[in-house]
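Here are my notes on the model, as numbered points. Please read them beside the coordinates.

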Amino acid sequence: MAGFMKILKSVLTSASLKQTVASAVTLTLMAPLFGLSASAQQKKISQAYLSDEQRIVHVLNRLGFGARPGDVERVMEIGLENYINRQLNPERIDDSVSEAKIKNLPTLSMTTAQLYEKFPNPGMLIRQLERSGELPAELRDARRTREQSATSQGQTQMPSDGAMANQNADPPAPQNNQEYQRVLREFYQRHGLQRPQRIIAELQASRILRAVYSERQLNEVMVDFWSNHFNVFANKGADRWLLTSYDRDTIRPHAMGKFSELLIATAKSPAMLFYLDNFQSVSPQAANARRGERRNPGLAGLIGNRRGPVSQNPNEAPRPQPNAPQRMRRGINENYARELMELHTLGVDGGYTQKDVQEVARCFTGWTIFAPRGGGAAVAALLGNGARESAGTFFFNARMHDDGEKVVLGQKIPAGGGIKDGLRVIEILAKHPSTAKFIAQKLVRYFVADDPPPALVDRVSATFTKTDGDIRETLRAIFFSAEFNSPQAYRSKIKRPFELAVSAIRTLGAETNGGPQVHQWIARMGEPLYGFQTPNGYSDTAESWVNTGGLLERMNFGLALASNRIPGTRVDLKRFLTGASGTDNRQVMERYLNVLIAGDISAKTKETLLKQLDQPLTVGSGAASERETSMEAPQRNRAVARNEARIDDPVTKIVGLILGTPEFQRQ
């Protein structure tokens, strides 16, 4: 409690608070997020079971992103058990509405090679044109001026456009040289090219649109879960171009299938291979790899990541800068092998050793990417030679593979196995008891409680093992358990920013285009999609999300949504007021409490909310350009102009404040 009071004190004295909401409402609404009061906890424990409506709300919150208007009634009509079984079989659910919402996002259906061709990295494109002798004079002159400007400012090395790996680093000023950018922009327009930031912007939009509109809610929840479990950071080099395929071809088809098949898909995914550097992992005995690269155009760039990986650990010794030219590092890379066991399967206490890491890394040598950065796809298209359709795809390169005997977790893998070595590792890991427990514990933590009930974890782990890692059956064991359906589980999980934004839009029946302004709000609340730099992904426990800045941004988001200050997202609050007096604030409050949180709120909180209707509230739009809100370049610490507006409409105030209550923040 002392820790909470310390945080609360800093909140009440912060300048940002004075620009958003009154301190009294912050005190009342924020406190319960740091832990239930003793009386509230006792009330939950004394409740023997959830009511039918509470069970439906609970399922809609956990198996999906919250209830839309009318969803509770629809589930009552078909029966809760039938609804859960339908969600466990998403292929049987018509999802045409969701698919229609994303039809205007063309990058989602493009191959990686097509993305490289139509959305080329500017720096790479210019270098390729220069090598081929086709660099236009205006681009050459603008580039020369840019380099001279860099030299005059003491820079000796210019980073390539869009290749910055540190999301918090400011790019050198000459990178934004206006003349260079103008010439480059005109060149792109003339040749029908677009800047690569659009790829991630559309991928983010698709995730939001599907979460909001999909009838296959559980499938979208599992896409979110596995995308975080197998995290890939969008701002690491070529992953901006590779993530579209990762979502479409790796995560989505396997989100509800067999865990072993999902493991194979992620192991072969170019996005994962690039992110964890396995595409450049080479057997030390592959002495002819360089000569083979020259003879075989398919090997271009496969071992050639000449930019060392960026350190993710501030305690590690500095590694080479991501954009500094350096000689190729030849040898085995252990990054993927380590994360495969620590984060993807066994867990940190899963019983593996450093020797196992080395042996697994040997097994995955040769699992690589054809032309990982796109090669000359864009230039080939510009010169009329067509794109290389295999660019950015997986293939096994036997020349790079360590074909000797290995021993992984005590099991011998014979020499001469080739690609089967990696497949054998996945088989061993997928069937390992530590993997069953680790995945069960993570799923129970995600769906039931921050402190997973040990007995439930054991039962879910047993189901995982018995069904050979069947994700669907593992989830069934959770959803029909007593622990999942207990009063203690009800509204016990804090929504992450993505969950909060989507649930608020769904609950209000809002219409959204899933555009940059929504991306920005999710990022401001602390969870930019594909923006977590390290492989462990975002936390799924409350302690990581309950902090001063994050909670204030959550309140601001609720007020911005209710006041229609998020461009591309519109809500009609009056649709819920049929039969209610527009001048009776208490009656209006009751109506929206029923709509937003099924009436689950304490009398004290309700009275506090009513009192706040007479207090001034302001909200910022959080407006920023698409360039700033997309992942075109690393996110920077910059002051974003907020168009502050006073909220005087009582209905807007009521809805905005309810969205900030602990009852809505929890699921």
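1. At roughly what angle do the axes of helix H13 (residues 197-213) and helix H27 (residues 516-524) cross? They cross at roughly 80° and come within 10 Å. H13 and H27 are therefore roughly perpendicular to each other. Axes are lines fitted to C-alpha atoms, for helices over the stretch in contact, with angles from 0 to 180 degrees between N-to-C directions. Under 35 degrees counts as roughly parallel, over 145 as roughly antiparallel, 65 to 115 as roughly perpendicular, and the rest as oblique.

2. The H13 side of this contact (heavy atoms within 4.5 Å) consists of Ala201, Gln204, Ala205 and Ile208. H27 supplies Val518, His519 and Ile522. By class, 5 are nonpolar, 2 polar and none charged. Here Ala, Val, Leu, Ile, Met, Phe, Trp, Tyr, Cys and Pro count as nonpolar, Asp, Glu, Lys and Arg as charged, and the others, Gly among them, as polar.

3. On provenance: this is a predicted model, in which local features need pLDDT of at least 70 and side-chain atom pairs count only at pLDDT 80 or more, while totals for chains, interfaces and linings use all residues. Residues are numbered from 1 along each chain as its sequence is written, and side-chain values use heavy atoms, leaving out hydrogens and water.

4. The protein chain holds 33 helices and 8 strands. These are DSSP runs numbered from the N terminus: helices are H or I with at least four residues, strands E with at least two. Of its 667 residues, 57% are buried. Buried means under 20% relative accessible area, exposed over 50%, and partly exposed in between (1.4 Å probe, protein chains only). Among contacts between residues at least 6 apart in sequence, 76% join residues at least 24 apart.

5. Now the pair H23 (residues 433-447) and H24 (residues 454-466). Their axes come within 8 Å and cross at roughly 125°. That makes H23 oblique to H24. On the H23 side, the contact includes Thr435, Ile439 and Val444. On the H24 side, Leu456, Val460 and Phe464 are among the residues. The contact has 8 nonpolar, 4 polar and 1 charged residues.

6. Helix H20 (residues 354-363) has 7 of its 10 residues buried, so it is largely enclosed by the rest of the structure. The buried set includes charged side chains: Asp356, Glu359 and Arg362 are among them. Its buried residues pack against helices H19 (335-344) and H22 (420-430), and strands E1 (367-370), E3 (406-408) and E4 (411-413).

7. Check the ends of helix H10 (residues 122-131). Asn121 caps the N-terminal end, with a side-chain oxygen 2.9 Å from the backbone nitrogen of Gly123. After H10 comes Gly133, with a positive phi near 75°.

8. Glu527 lies in the loop between H27 and helix H28 (548-562). Glu527 is buried, at 2% relative accessible area. Its side chain makes a polar contact of 3.2 Å with that of Arg496. A polar contact is a pair of N or O atoms within 3.5 Å; within protein, one must be able to donate a hydrogen and the other to accept it, and residues adjacent in sequence count only if both atoms are side-chain atoms. Leaving aside neighbours within four places in sequence, Glu527 also contacts residues including Phe498, Tyr538 and Trp545.

9. Asp71, in helix H6 (residues 71-78), is buried at 5% relative accessible area. A polar contact of 3.4 Å joins the side chains of Asp71 and Arg506.
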